[in-house]
Structures are given as C-alpha cells and as structure tokens.
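Here is a short report on a structure of two chains. It moves from the chains to their contact, and then to single residues.

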Amino acid sequence: MLDSLSMDHPALAPVQGLNSQEALARLGGNLPVYLKMLRRFLELESLPAQIAQELSLGQGAVAQRLAHTLKGVAASLGADSLQQQALQLEQCLGQGSDPSPILAEVRHQLTALVQAIRMALPPEPEANLSGPDLQQVAPLGGKMAAWLESFDSQACELLEAEPMAFRMLLGSHFLEFEKAVTGYAFDEALQVLRQAASKSGVPLT
Amino acid sequence: MSRLLIVDDEPANIQALNGILREQGYAISVATSGLQALKVLNSIRPDLILLDVVMPELDGFETSERLKHSAEWRDIPIIFLTAKAAPRDIVRGFELGAVDYVAKPFHAHELLARVKTHLAMDRLRRENERLVRAESELARHRSVAEMVAGVAHELNTPLGIINTAAGLLTKWAGEPALEALKVTPEGKMLLDDLLDAGKLITRNASRAHKLVQDFKKVSVHQITDIREQADLAEVVRDTVHLFQVSAPRQSLQIEVINGLGEQPASWVGYPGSLSQVLLNLLSNAQAYGYPDGQPGKVEVRLDRDGEGYCLSVRDFGKGISAEHLPRVFDPFFTTGRARGGSGLGMSIVHTIVTAHMQGTIRLQSSPGEGTTVLIGLPQIVPES
C-alpha cells in the first residue's frame with residue numbers, strides 16, 4: 001500500500017508502510033512535530049537487536065517492554081503493519097513462546113521503513129551555525145542549567161536552536177550531553193553541563 | 001500559563017506530546033520514569049500530570065498511588081496516557097485517583113480539549129475550596145463576636161446598678177447626718193475610707209462600662225450609622241486629617257495616595273463606619289507598627305478594584321509574625337495587653353468591613369518588612 005499525502009504536505013514524500021495522513025490528522029495536522037517524531041524513530045532501528053540481546057541474557061520482561069515501546073511509537077506514527085507485528089511480538093514474549101520468526105519479521109519491516117523514511121524526510125531545518133564567542137555562551141549555559149533544573153522541555157528547544165554554542169561550551173562532552181538532553185535525561189544532562197563548565201571555567205549564570 | 005508534567009519512558013512519546021502542548025503555550029516539565037517524576041515534583045509543582053502507565057521500575061499506577069498518598073501532591077490532577085487501554089486498566093486508573101484516561105496513540109485535539117477541561121475544573125475546585133474556607137472563617141468570627149456582644153449586654157445591667165449604688169454610697173457619706181461621726185478620729189477615718197471606696201467603685205464601674213460598650217461594637221447588630229452617598233477619597237482624606245489633629249503627638253508620617261487621580265470616587269456606604277475603620281487601623285499602625293516611640297511611615301492608598309474600591313493601609317515597620325497573623329481579627333487577641341490594648345480594635349474593623357459594609361479584608365505581613373491591610377469595598381453597599 002502506498003499512502004499518498006504529497007499534495008497536502010509537500011515537505012514529506014509518500015512512504016510505504018506509513019499511514020502519514022491519519023497520524024498527521026491525530027496530531028492536528030502539525031507537520032513539524034510529525035517530522036521530529038519520524039527523525040527520532042530512525043534511532044529505533046537497532047531495537048530488534050536489543051530485544052534479541054535481552055532475550056539471550058534471560059531478560060524476557062525487558063525485551064517485552066522494548067516491544068511494547070516499538071508498538072506504541074509505530075502506532076503514533078501510523079506505521080500500522082509494524083505496529084501489528086510489534087504487538088504480536090509483545091504478546092509472544094509475554095506467553096514465553098519462541099519469538100524468533102516474529103522477531104525476524106519485525107526486524108525486516110523496521111529496516112525497510114527506516115530506510116524509506118530516511119529517503120523521504122526533507123533536510124533538517126537550519127540551526128544557528130555561526131560561530132559563537134565565549135561571551136555569548138555563558139548566559140546560554142546558565143539558561144540551559146536553569147531549564148534542566150526544573151526539568152523544563154525548553155532545554156531541548158534551546159539546544160536545537162544553538163547547537164554551536166553548546167558544542168563550544170561542552171567540548172568533548174557534547175555528544176554525551178546531546179544524547180542526555182534529547183533523551184530527556186535532564187538530571188544527567190545537568191551533571192555533564194556542570195562538569196564541562198567548571199572544566200572550561202565558564203560560570204553558569 | 002499552566003505547567004504540565006509529562007511522565008513517559010519513551011522519548012518519542014514525550015517529543016510528540018511536548019510538541020503539541022508547547023504550541024498551545026503550556027510550560028512543560030519532563031520525567032522519563034515514575035521515580036524521576038517524584039524527584040521532579042520536589043523542584044516544581046505542575047498544574048496537571050500526563051502519566052504513562054507501562055514504565056520500568058515504578059509504573060504509572062504505582063506512581064499515581066504514591067502521589068495520592070502525599071498531602072502535598074494528591075491534589076494535582078493526573079491523566080493517564082497509555083496504549084494499555086483495556087477496560088479493567090481504565091477502571092484501575094480511575095480508582096487510583098486519575099481524573100481522566102487517554103488512549104495512545106492520542107489524538108491531538110482530543111488531548112488538548114481534555115487537558116484544558118481538567119485545568120479549568122481544577123482551578124474551579126481550588127477557588128471553591130478557598131471560598132468555603134473563607135466562609136467558615138467568617139462564620140467563626142461572627143459567632144465569637146455575637147457571643148462577646150451577648151455577654152457584654154448581660155453585664156450592662158448589673159454594672160449600671162453597681163454604678164448607681166456606688167454613687168449613693170459616696171453621696172450618703174457626705175450627708176450632714178453623718179457629720180457627728182467625724183468628732184472621733186476612728187469615726188473620721190471610717191468615713192474617709194467609705195468615701196474612697198465609693199469613688200474606687202465608681203471609677204472602675206465606669207471603666208467597665210466603657211469596655212462593655214466596646215465589646216458590644218464587635219457585633220454588627222450594634223452598629224448604628226447612616227447610609228449615604230459620599231466621595232470616598234474625601235472620606236479618606238478627612239479621616240486622616242482627623243487622626244493627625246486628634247493625636248498631635250503621634251509619630252506617624254502619613255501619605256495619602258489617590259490612585260483614581262482626577263476621577264470621582266463616588267460611593268454609597270457608611271462614611272462614619274469607614275472613618276472608624278481607618279482610625280482604628282492608623283492607631284494600630286502607631287501603637288504596634290514600629291518599635292516603641294520610633295517614628296514611622298504609613299501609606300493610605302485608594303484604588304479602583306473591578307466594580308468597587310480597594311483601600312489599603314500600609315506600614316513599613318516590624319510586621320506581624322506568621323504565628324500571630326491568623327489570629328489578628330479574633331476578639332481579645334492582642335500583643336499589647338500590657339500597654340492597655342483590649343484586642344478588640346481589629347475585630348471591630350473586621351465586623352464593620354465584612355458584615356456592615358459587605359466588603360473584604362485581608363492582611364499581608366512579613367516580619368521586618370511591615371504590614372498591609374487591604375480592604376475591598378463594593379461601590380454601592382447594600383442596605384443593612
């Protein structure tokens with residue numbers, strides 16, 4: 001099945017296996033949010049491998065929860081077929097029967113979908129890429145610290161808008177910091193930020 | 001704007017919810033587990049929680065149970081948000097204190113409508129609680145005031161008799177028929193003692209009579225005053241002037257600020273009672289606002305407040321301790337009994353403002369920063 005939405009939403013090419021129209025309708029037609037969700041979905045490509053690993057370690061409950069997560073995300077994106085497969089996998093893991101065939105099917109569908117989405121996604125919106133100086137970085141660091149302290153989601157918005165400033169402030173810790181912020185692990189992100197700032201002697205005010 | 005807390009272990013879900021809700025202007029805080037949600041709640045207080053059910057360690061149901069057991073958090077409305085939407089799960093969610101349940105994948109418009117509705121309901125619930133508290137506080141104050149006035153009324157008659165009898169004693173002690181007693185030193189001493197005792201009783205009976213009159217004033221039924229149209233700014237200005245001339249040695253520097261400017265402050269109410277209120281507040285500021293004898297500043301301010309007026313009296317003195325603040329309007333509560341305070345002034349002020357003039361009165365005070373008494377008055381006070 002090929003879902004067509006190119007007329008209504010020219011920013012996203014049609015993707016096989018993705019009922020984008022319905023998912024977008026649920027989001028009230030909010031395309032930017034939908035595109036962000038799709039970009040994040042790409043990070044789930046390794047999930048079947050993680051599930052297999054957890055099973056090999058005897059962590060059936062963890063594997064089941066990962067399948068539950070995949071089902072939920074697939075449902076919210078409109079990946080109907082993948083959602084069905086993930087549901088079957090979750091149930092299969094709950095019953096303790098052999099998950100190998102259905103896990104293989106999930107892996108196959110997920111890989112295909114991730115590739116198709118990569119092709120279809122428009123380029124990411126440009127962030128502020130001009131080189132900041134230390135004068136500008138310190139107040140941004142303080143702002144970031146304040147938002148992380150109150151677990152406020154504006155921390156993500158700030159990082160998205162000023163990636164170069166935080167690259168400069170965080171140095172070699174940037175990737176670790178970025179991962180924590182985008183994963184909403186704000187207390188962890190705050191720790192990394194404080195360490196990096198004290199190392200570089202930038203006050204977080 | 002309201003702050004919502006999203007609790008979900010899946011960043012993709014948080015991202016979707018955050019995107020939709022941020023666009024509506026909500027402030028969003030985020031936790032990725034039930035345990036983290038409890039930690040987040042130590043630093044922020046959200047107006048509503050969107051809580052995922054299936055999470056590792058502490059799931060949504062257990063998290064909700066913990067929140068509902070905490071006096072501090074139990075009132076925050078919780079909406080469960082999960083793909084696990086079997087009827088028994090929905091029922092369990094409501095049993096655990098959720099106000100609503102939204103199935104994933106959620107529909108943005110539906111979610112927003114539910115969030116908005118529950119925020120509005122919660123605001124109404126809190127406002128209702130505040131009104132119930134204020135009403136019961138008012139009822140308590142009135143019943144104490146009525147009791148005090150009742151006791152005062154009962155004391156009035158015997159006090160009158162004591163006063164009359166003492167007067168007779170004094171009068172009789174001066175009668176010529178008793179002159180003969182003065183010829184012996186013992187007789188003269190006895191007569192003088194009798195006179196002194198009579199005067200002592202008279203003096204104290206009249207002091208008791210004055211107190212009893214004050215006690216009666218704490219009840220609204222004892223207020224006699226004429227309702228008339230007046231310029232509120234003028235009433236305030238004249239009363240402050242009266243206070244200044246009647247207490248020439250007072251140490252307060254009083255500034256009157258008319259926030260209405262040139263606009264007329266037309267008011268239908270009880271100017272006499274309002275003057276009494278303002279005089280009581282000014283004497284209080286003088287007696288208790290600043291450490292003994294020290295000069296101080298008082299700001300009397302009149303402003304529009306919706307349909308009515310707001311009259312505030314502010315001092316910049318030592319303030320009232322948090323422990324005393326809730327008792328200030330109680331009859332007989334005073335920190336100045338040694339200096340002759342009866343503890344009735346603020347109680348009378350409260351009765352006049354709330355019962356006689358159908359207004360509101362509240363106090364703001366921090367130790368070391370001073371006290372502000374805020375009085376809200378309707379533009380037209382209903383006839384008593």
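## Basis

This is a predicted model: local features need pLDDT of at least 70, side-chain atom pairs count only at pLDDT 80 or more, and totals for chains, interfaces and linings use all residues. Residues are numbered from 1 along each chain as its sequence is written, while chains are lettered from A and ligands numbered from 1 in the order in which they are written.

## The two chains

Chain A has 11 helices and zero strands. Helices (H or I, at least four residues) and strands (E, at least two) are DSSP runs, numbered from the N terminus. Along the sequence, chain A reads α-α-α-α-α-α-α-α-α-α-α. Of its 205 residues, 39% are buried. A residue is buried if 20 or more other C-beta atoms lie within 10 Å of its own, exposed if 12 or fewer, and partly exposed in between; C-beta atoms are placed from the backbone.

Chain B has nine helices and 12 strands. Buried residues make up 34% of its 384 residues. Two residues are in contact if their C-beta atoms, placed from the backbone, lie within 7 Å. Among contacts in chain B between residues at least 6 apart in sequence, 69% join residues at least 24 apart. In chain A, residues 24 or more positions apart account for 56% of the contacts with a separation of 6 or more.

## Nonpolar cores

The largest nonpolar core has 90 residues. Such a core is a set of buried Ala, Val, Leu, Ile, Met, Phe, Trp, Tyr and Cys residues joined through C-beta atoms within 7 Å. The residues with the most contacts inside the largest core are A:Leu77, A:Ala189, A:Leu193, B:Leu4 and B:Ile6. Helix α4 (residues 60–77) of chain A gives the most to this core, with eight residues. A second, separate core has 41 residues, including B:Ala152, B:Val235, B:Leu274 and B:Val298.

Take B:Ile6. Neighbours within four places in sequence aside, B:Ile6 is in contact with B:Ile14, B:Leu17, B:Asn18, B:Ile28, B:Val30 and B:Leu50.

## Where the chains meet

The contact takes 27 residues from chain A and 30 residues from chain B. On the side of chain A that touches chain B, α2 (31–41) and α4 each supply at least two residues. The most come from α4(A), with eight residues. By class, this side of chain A has 10 nonpolar, 10 polar and seven charged residues. Ala, Val, Leu, Ile, Met, Phe, Trp, Tyr, Cys and Pro count as nonpolar, Asp, Glu, Lys and Arg as charged, and the others, Gly among them, as polar.

The axes of α2(A) and helix α1 (residues 11–23) of chain B come within 9 Å and cross at roughly 170°. That makes the two helices roughly antiparallel (angles under 35 degrees count as roughly parallel, over 145 as roughly antiparallel, 65 to 115 as roughly perpendicular and the rest as oblique). Axes are lines fitted to C-alpha atoms, for helices over the stretch in contact, and angles run from 0 to 180 degrees between N-to-C directions. A:Val33, A:Lys36, A:Met37, A:Arg40 and A:Phe41 in α2(A) meet B:Pro11, B:Ala12, B:Gln15, B:Ala16, B:Gly19 and B:Ile20 in α1(B). The residues of this contact divide into seven nonpolar, two polar and two charged.

## Helix α1 of chain B

In α1(B), 11 of the 13 residues are buried. Among them are B:Asn13, B:Ile14, B:Leu17, B:Asn18 and B:Leu21. Just after α1(B), B:Gly25 takes a positive phi of about 90°.

## Local backbone features

Most residues other than glycine have a negative phi, and most peptide bonds are trans. A:Tyr184 has a positive phi, near 60°. A:Tyr184 lies in the loop between α10 (174–182) and α11 (186–200) of chain A. A:Tyr184 is buried, with 25 other C-beta atoms within 10 Å.

Phi of B:Glu57 is also positive, near 60°. B:Glu57 sits in the loop between β3 (48–51) and α3 (60–68) of chain B. B:Glu57 is exposed, with 11 other C-beta atoms within 10 Å. The peptide bond from B:Lys104 to B:Pro105 is cis, with omega near 0°. B:Pro105 is in the loop between β5 (100–103) and α5 (108–173) of chain B.
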